[in-house]
Amino acid sequence: MPPGWTLSRGIVLTYPVCEHKDMLRIRVLHGPNLNLLGTREQSIYGTLSLDALDSAITKLAKELAVTVDLRQSNSEGELVTWIQEARTGYDGIIINPAAYTHTSIAIRDAIAAVGLPTVEVHLSNIHQREEFRHRSYVAGVAIGQISGLGPTGYLLALRGLHDHLTASRRQKKTPAPATARRKAKGTR
Ligand code: DQA
């Protein structure tokens with residue numbers, strides 16, 4: 001049921017959740033073990049729970065007038081399916097692939113296949129940690145990587161992806177100046 005007010009005698013007044021059709025839509029994916037945030041290795045990942053992190057992302061998304069769809073999975077296949085599904089109806093992806101960062105060619109291939117601008121996020125600085133965490137299979141197909149800034153990294157990723165998508169929308173709408181058009185066509 002959509003949100004609304006309950007009046008007397010069981011009458012419920014509802015109103016539509018307004019989502020502008022031009023709103024940017026971003027899918028946010030959290031990989032394995034991130035459901036344990038807040039209790040998991042607190043000295044590395046901090047004390048914020050995944051729910052609290054998702055609330056902070058949702059709050060910023062509202063300020064930026066972006067629709068976010070937030071999901072967590074411990075399964076590589078499920079993450080691949082969600083990335084594939086994002087090609088219809090989403091403008092970009094923010095992903096913390098967690099341990100799959102360092103192992104998953106399938107997640108990398110899915111991101112390359114959908115071709116959506118994707119930002120990779122890590123709470124910890126993976127480049128300062130064990131050698132096996134230094135390699136990311138995802139980095140090569142992402143527009144950027146944010147690593148080591150804790151939960152703030154997700155908020156920066158959202159702002160960055162919002163700016164990136166807004167700029168490319170604007171570019172698509174703005175006709176190229178006549179000289180550039182002539183050059184592109186090879187005419188004088
Ligand atoms: C992580 C870093 C990964 O190496 C690790 O496997 C994770 C979390 C991070 O957010 O810092 O699970 O992606």
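The protein has 6 helices and 7 strands; helices (H or I, at least four residues) and strands (E, at least two) are DSSP runs, numbered from the N terminus. This is a predicted model, in which local features need pLDDT of at least 70 and side-chain atom pairs count only at pLDDT 80 or more, while totals for chains, interfaces and linings use all residues. Residues are numbered from 1 along each chain as its sequence is written, and side-chain values use heavy atoms, with hydrogens and water left out.

**Whole chain.** Colour by secondary structure and follow the chain from the N terminus: the elements run β-β-β-α-α-β-α-β-α-β-β-α-α. Of the 188 residues, 38% count as buried, that is, under 20% relative accessible area, with exposed meaning over 50% and partly exposed in between (1.4 Å probe, protein chains only). Among contacts between residues at least 6 apart in sequence, 70% join residues at least 24 apart; a contact means heavy atoms within 4.5 Å.

**Helix H5.** Select residues 152-173, which form helix H5. Its 22 residues should span 32 Å at 1.5 Å a residue, and the end C-alpha atoms are 32 Å apart, which agrees; the expected span is 1.5 Å times one less than the number of residues. Now show the side chains of Gly153, Tyr154, Ala157, Leu158, Leu161, His162 and Leu165, which are buried in H5. An α-helix has 3.6 residues a turn, so residues three or four places apart point the same way.

**Tyr154.** Stay in H5 and pick Tyr154, which is buried with a relative accessible area of 1%. Not counting residues up to four places away in sequence, Tyr154 touches Val28, His30, Leu34, Leu53, Ile57, Ile94, Asn96, Val121 and Leu123.

**Val119.** Move to strand S6 and select Val119. Val119 counts as buried, at 7% relative accessibility. Beyond four places in sequence, its contacts include Ala157 and Leu161, as well as Ile93. Val119 and Ile93 are 26 residues apart in sequence and 6.4 Å apart in space, C-alpha to C-alpha.

**Arg27.** Which strand holds Arg27? Arg27 lies in strand S3 and counts as buried, at 3% relative accessibility. Leaving aside neighbours within four places in sequence, Arg27 is in contact with residues including Asp69, Glu85, Trp82 and Tyr90.

**The ligand.** Finally, select the ligand and the residues around it: Arg40, Tyr45, Asn96, Ala98, Ala99, His102, His122, Leu123, Ser124, Ile126, Arg129 and Arg133, each with a heavy atom within 4 Å.

- Ser124: an N or O atom of its side chain is 2.6 Å from a ligand oxygen.
- Arg40: an N or O atom of its side chain is 2.9 Å from a ligand oxygen.
- Ala99: a polar backbone atom is 3.2 Å from a ligand oxygen.

Taken alone the ligand exposes 320 Å², and the protein buries 98% of that; accessible areas come from the Shrake-Rupley method with a 1.4 Å probe, and for residues only the protein chains shown count as cover.

Note on methods. A polar contact is a pair of N or O atoms within 3.5 Å; within protein, one must be able to donate a hydrogen and the other to accept it, and residues adjacent in sequence count only if both atoms are side-chain atoms.
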